[in-house]
Amino acid sequence: MSIYCGREFGPDDIQTINRLMEHNPRLQRAPMSRQLCELWGWKKPNGQLKDMTCRVALLRMQADGLITLPPSRMTGGARSKPHFPPTPATDPQQPLLQPVHELAVLDLRPVMDTAVSRLWNEYIARYHYLGYTSMSGAQMRYNVFVGERLVALLSFGASAWKLAGRDSYIGWQQDQRLKNLQLVVNNARFLILPWIQSKGLASKILSRIARQLPGDWHQRYGYRPVMFETFVETQRHRGTCYKAANWVHVGQTTGRGKKSRVHHQIIPIKDIWLYPLRKDFASVLRA
């Protein structure tokens, strides 16, 4: 029995995948993942198929030598990392120096349409030290405005598969984690634009997103997260804004990566910060 993307796969499941490919030799990966989700009843809480997650699982099974997928129809160029060269639309602007209590009300707007999404990606690629990386699965991205002036950008997506500090803080067992991991979402990116120098703004945004995101997530995916997590690279940042917004520091990562299977450090060590979104988070996650 092996676990991929939070689901256990046994010999019968591997046989189902191989039979589906044998009976449909021209079947491509996307329709295959949808058919498998239908067969397994692998769905999100809102009833939609988890076909993107299934595709990731299939790729990991292939990497482990369990299956051989049909060749991808995407060319090498189409599969390359997205590139968002800077344009005048994201050029630096005049500094904003007022402290947060002197600013207008913050407006956190979910990124919905294609043009806004493209611009969000460009800002992150240009100004965030980690650059732009596409996310799969459930996710939310936000632009933060003061009036009509863009001041910050955030994104939330899938949580880490295993995280010793977090898992100890929650106190859940493996079967509980497999069932409820989707209720923890990861703050993957948080960017205050470089010319925005408003004292207290970052922690104010974190407080606002904690109130707004659960409802937005429920509207899009049919369930409410009960905890945030994030990672802060210790050599770059101290996590001051997370501490000011009442996030909890629960330890450090091992440096192996969010979904890595190696057993040695390959990326910088990061502090782990958590924010429970409801008082009974532990009982919900251990249900």
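**Helix packing and sheet architecture in the predicted model**

Helix 1 (residues 11-23) packs against helix 2 (residues 29-40) at an angle of about 135°, and the two axes lie 11 Å apart. The structure described here is a predicted model. The crossing of helix 1 with helix 2 is right-handed. On the side of helix 1, the contact is made by Asp 13, Thr 16, Ile 17, Leu 20 and Met 21, and on the side of helix 2 by Met 32, Gln 35, Leu 36, Leu 39 and Trp 40. Sorted by class, the residues in this contact of helix 1 with helix 2 are seven nonpolar, two polar and one charged.

Helix 2 also packs against helix 3 (residues 51-63), here at an angle of about 105° and with the axes 9 Å apart. Helix 2 is therefore roughly perpendicular to helix 3. From helix 2, the residues in contact are Arg 29, Ala 30, Met 32, Ser 33, Arg 34, Leu 36, Cys 37 and Trp 40; from helix 3, they are Asp 51, Cys 54, Arg 55, Leu 58, Leu 59 and Gln 62. By class, the contact of helix 2 with helix 3 holds eight nonpolar, two polar and four charged residues.

Lys 50 is placed in the loop between helix 2 and helix 3. With a relative accessibility of 19%, Lys 50 counts as buried, since the cut-off for that class is under 20%. Apart from neighbours within four places in sequence, Lys 50 is in contact with Cys 37, Trp 42, Lys 43, Lys 44 and Gln 182. Between the C-alpha atoms of Lys 50 and Trp 172, which are 122 residues apart along the chain, the separation is 24 Å.

Seven strands form an open sheet in the order 3-4-5-6-7-9-8, with mixed pairing. Strand 3 and strand 8 (248-252) stand at the edges; each has a single partner strand, so one side of each is left without a neighbour in the sheet. From one strand to the next, the twist averages 30°. Helix 7 (residues 201-221) packs on the sheet and touches strand 3, strand 4, strand 5, strand 6, strand 7 (227-233) and strand 9 (270-276). The direction of helix 7 makes about 35° with that of strand 3.

Within the sheet, strand 3 (residues 106-110) pairs with strand 4 in the antiparallel sense over five bridges. In this pairing, Arg 109 stands opposite Asn 143 of strand 4. Strand 4 is joined to strand 5 (residues 149-158) by seven bridges, and these two strands run antiparallel. Met 140 has Phe 156 of strand 5 as its bridge partner. Strand 4 and strand 5 form a hairpin with two residues between them, and Gly 147 in the turn has a positive phi of about 65°. Strand 5 is in turn joined to strand 6 (residues 184-192) by seven bridges, again in an antiparallel arrangement. Here Gly 157 stands opposite Asn 186 in strand 6.

Strand 4 (residues 140-146) is largely enclosed by the rest of the structure, because seven of its seven residues are buried. In a regular strand the side chains alternate between the two faces of the sheet. Both faces of strand 4 are covered: Met 140, Tyr 142, Val 144 and Val 146 are buried on one side, and Arg 141, Asn 143 and Phe 145 are buried on the other.

Leu 206 lies in helix 7 and is buried, with a relative accessible area of 1%. Not counting residues up to four places away in sequence, Leu 206 touches Asn 187, Phe 190, Cys 241, Tyr 242, Ala 245 and Trp 247. The C-alpha atoms of Leu 206 and Val 111 are separated by 17 Å, the two residues being 95 residues apart along the chain.

Asn 246 is found in the loop between helix 8 (240-244) and strand 8. Phi of Asn 246 is near 70°, a positive value in a residue other than glycine. Asn 246 counts as exposed, at 59% relative accessibility.

Technical notes
Residues numbered from 1 in each chain as written. Predicted model: local features only at pLDDT ≥ 70, side-chain atom pairs only at ≥ 80, totals over all residues. Heavy atoms only, no water. Buried < 20%, exposed > 50% of the residue type's maximum accessible area, 1.4 Å probe, protein only. Helix = DSSP H or I, 4+ residues; strand = E, 2+ residues; numbered from the N terminus. Pairing = 2+ DSSP bridges. Axes fitted to C-alpha atoms, helices over the stretch in contact; angles between N-to-C directions. Contact = heavy atoms within 4.5 Å. Left-handed = near helix turned anticlockwise from the far one by under 90°. Nonpolar A, V, L, I, M, F, W, Y, C, P; charged D, E, K, R; others polar. Parallel < 35°, antiparallel > 145°, perpendicular 65-115°, else oblique.
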